[in-house]
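Have a go at each task before you read its solution.

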Amino acid sequence: MFAGVLACQYFFLAPRHNSSPDSPSAKPWRGYDVYAKGRVWSVPKTGHYAKYIEDTFISGYRSIEGIHDRLDALDAAGLIHHPKRGVWPGLKRYAASDRGQPPQNLILEPTGFTNYNKGRGSEYCGYPTQKPLAIYERMIAASCPPDGIVLDPFCGCATTPIAAERLGRQWVGMDIWDKAHETVLDRLRKEQLAVPESELGDHETPQEGRHLITFGDVTYSRTPPERTDNNEVAAPSFRLKMQRPIEPWQKITHKQIVSVLLKAQETTEGVICAGCGRVLEKEFMELDHITPKSDRGENHIINRILLCRPFNGRKRDNLTMRGLVRENKKKDVNWMRNEQLAKIAQSSAEAYAYRVRDEFRTPEIQALIQGLR
Ligand SMILES: C[S@@+](CC[C@H](N)C(=O)[O-])C[C@H]1O[C@@H](n2cnc3c(N)ncnc32)[C@H](O)[C@@H]1O
Ligand SMILES: [Zn+2]
């Protein structure tokens, strides 16, 4: 009865956020302890895919209340993929279910992201991350007006330029790969969208509805662009790892950073937590990173802040300060004490940190970091 294409899996898990470990969606199923890994189950119950499941596979699906009962039913119907090595099971999604639906953030393209004919004469050109033209044409047709310009700054083997050209859009492609330019031209030629000027004969006519460009129409530049603000070359080199000298102010110790920030965040009553705005004795404060180290946050003072223990305890190292403050304000958490004070502490810490950087050698700053002030 059903002859759809399994396009891809959709991992039916949501970030755990504030879910309680007691909620059904946090409980393990078939040995997958999602909560322990910071997730909860999110199994469709409403929406078009739930309806599709009900119409196509499991009658009465949308009336199944329990999340684990829904998982059992999906599994019994063969709709759950259990990867051999993967950590998470996945819900199978059928491209056919998408017919007539506006695309969501997951596009179920029948060709998939790697499935195309690799035979001779096919669009496949061997680039390791090549994508099918069909997907890009769909995206361009949907989001670029006919007189628009498509920019792909990482265009690889030129799928975007080719798709844009096929749809009559102007395009700009860029890539650090030095064969990208040739590949654009090769593929234009192969698609009969362009011919070298030297080969352009009287007999060559454009395919119907297409503008035949010559290679002369394709502008190619290897010169890095100039910045418009200071007229310097935007990318003088493509060196990826840059060695930066470590400045003396970047080398001050943990204890010295704490000493400066205590001064920055203090009031007559105590020290303000820059996360929740509580004023506590300095013993309750912990030194933390503003941008987490996992996001390449640096250790030096400009990226450091004092937080109270409870706030810092909640801030796992993958959460940014801003994320936690946002979470703090939600109704069911709501333990933000004084946002205004927290902000004052943040900007004061920032101001002190920049003074340490900019006035490092002055006696005042030296006294401050030594805790003499
Ligand atoms: C995922 S591939 C793009 C594949 C492309 N969508 C296609 O279908 O062919 C990413 C591309 O980014 C390029 N790239 C990586 N770093 C770059 C940089 N700093 N500047 C320009 N291109 C870069 C790589 O050479 C690679 O071709
Ligand atoms: Zn706090």
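**Exercise 1. Find the largest nonpolar core and say which residues have the most contacts inside it.**

Solution. Start with the ground rules: this is a predicted model, so local features need pLDDT of at least 70 and side-chain atom pairs count only at pLDDT 80 or more, while totals for chains, interfaces and linings use all residues. Residues are numbered from 1 along each chain as its sequence is written, and chains are lettered from A and ligands numbered from 1 in the order in which they are written.

Step 1: pick out the core, meaning a set of buried Ala, Val, Leu, Ile, Met, Phe, Trp, Tyr and Cys residues joined through C-beta atoms within 7 Å. Buried means that 20 or more other C-beta atoms lie within 10 Å of a residue's own; 12 or fewer makes it exposed, anything in between partly exposed, and C-beta atoms are placed from the backbone. The largest core comes to 30 residues, and V260, C273 and A274 have the most contacts inside it.

Step 2: see who contributes. Two or more residues each come from α6 (254-265), β10 (271-272), β13, α8 (321-329), α9 (339-358) and α10 (363-369). (Helices, H or I of at least four residues, and strands, E of at least two, are DSSP runs numbered from the N terminus.) The largest share, six residues, is α9's.

Step 3: zoom in on C273. Leaving out residues up to four places away in sequence, C273 touches R278, L280, L307, C308, F311, A342 and A345; a contact here is a pair of C-beta atoms, placed from the backbone, within 7 Å.

**Exercise 2. Take strand β13 and work out which way its residues point.**

Solution. Step 1: check burial. β13 spans residues 304-308, and five of the five are buried, so the strand is largely enclosed by the rest of the structure.

Step 1: sort the sides. R304, L306 and C308 point one way, with I305 and L307 pointing the other way.

Step 2: find the neighbour. Strand β12 (residues 285-289) runs antiparallel to β13 and is joined to it by five bridges (strands pair if DSSP finds at least two bridges between them). On the β13 side, I305 is the bridge partner of D288.

**Exercise 3. Where do the buried residues of helix α5 sit, and what covers them?**

Solution. Step 1: list them. In α5 (residues 180-190), the buried ones are T183, V184, R187 and L188.

Step 1: look down the axis. Those residues fall within an arc of 130 degrees, so they line one face of α5; the arc is that of the directions from the helix axis to the C-beta atoms. As a reminder, an α-helix has 3.6 residues a turn, so residues three or four places apart point the same way.

Step 2: name the cover. It includes α4 (159-166), β7 (170-173) and β8 (194-195).

Step 3: turn to α4, where seven of eight residues are buried. They're T159, T160, P161, I162, A163, A164 and E165, and they pack against α3 (133-143), β6 (149-152), β7 and α5.

**Exercise 4. Compare R30 and A158: is each buried or exposed?**

Solution. R30 is in the loop between β2 (13-15) and β3 (39-41), and A158 is in the loop between β6 and α4.

Step 1: check phi. R30 has a positive phi near 50 degrees without being a glycine, and A158, also not a glycine, has a positive phi of about 80 degrees.

Step 2: count neighbours. R30 is exposed because 11 other C-beta atoms lie within 10 Å; A158 is buried, with 26.

**Exercise 5. Which residues come nearest to ligand 1?**

Solution. Step 1: the shell holds 13 residues, and T129, F154, G156, T159 and I176 come nearest (a residue counts if its C-beta atom, placed from the backbone, lies within 6 Å).

Key
Contact = placed C-beta atoms within 7 Å.
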